[in-house]
Amino acid sequence: MFAGVSRIVRPGLWGGVHMSMQVEPNGAIIDFDCATGEIDQPISVDRQGNFDVAGVFIREHGGPIVQEAPPDLHPARYNGQVHGKTMWVTVTLTDTLEVVGTFYLTYHQPAQIFKCL
């Protein structure tokens with residue numbers, strides 16, 4: 001890699017247990033068991049495959065949904081590492097410092113998501 005040139009995470013579906021990430025050149029749409037997320041910038045990696053990007057995390061809940069209720073939206077950091085077709089990512093809510101979890105994903109693997117009822 002040349003100095004000043006960054007790489008981005010390979011676009012496509014990355015799936016694992018409890019998380020799915022649809023990576024696009026300009027960000028990602030994320031699905032969790034009882035939440036969704038979004039990254040609205042390219043996910044650039046350094047020479048070691050590390051990344052750290054800002055995004056949002058939106059909690060979902062089971063049961064009836066009130067149309068007027070505001071979403072339970074939190075700013076979040078998505079940081080991790082990519083090696084070939086594997087990725088790990090830790091999600092941290094930056095307003096509460098809560099670590100949602102660390103997830104292990106594989107490129108082109110369907111996710112095992114268990115939605116809230």
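View 1. K115 has a relative accessible area of 37%, so it counts as partly exposed (buried is under 20% relative accessible area, exposed is over 50%, and partly exposed is in between, with a 1.4 Å probe and protein chains only). The model is a predicted one, where local features need pLDDT of at least 70 and side-chain atom pairs count only at pLDDT 80 or more, while totals for chains, interfaces and linings use all residues. Residues are numbered from 1 along each chain as its sequence is written, and side-chain values use heavy atoms, with hydrogens and water left out.

**View 2. D31 meets K115.** Here D31 and K115 form a salt bridge, with 2.8 Å between the closest N and O atoms (the cut-off: a side-chain nitrogen of Lys or Arg within 4 Å of a carboxyl oxygen of Asp or Glu). D31 sits in strand β4 and K115 in the segment after β10, so this pair ties together parts 84 residues apart in sequence (strands are DSSP runs of E, at least two residues, and helices are runs of H or I, at least four, numbered from the N terminus). D31 is partly exposed too, at 27% relative accessible area.

**View 3. K115 again, this time with E60.** The closest N and O atoms of the K115 and E60 salt bridge are 2.9 Å apart. This one also links distant parts of the chain, since E60 is in the loop between β7 and β8, 55 residues from K115. E60 comes out as partly exposed, with 34% relative accessibility.

**View 4. E98 and R59 pair up.** In this salt bridge the closest N and O atoms are 2.5 Å apart. E98 belongs to the loop between β9 and β10 and R59 to strand β7, so the pair ties together parts that are 39 residues apart in sequence. Both ends are partly exposed: E98 has a relative accessible area of 33%, and R59 has 31%. By this rule, the salt bridges number five.

**View 5. Inside the largest nonpolar core.** This core has 25 residues, and W14, M21, F32 and Y78 touch the most other members (a nonpolar core is a set of buried Ala, Val, Leu, Ile, Met, Phe, Trp, Tyr and Cys residues joined through side-chain atoms within 4.5 Å). Elements giving two or more residues include β3 (19-24), β4 (27-32), β7 (50-59) and β8 (72-83). The largest share, four residues, is from β9.
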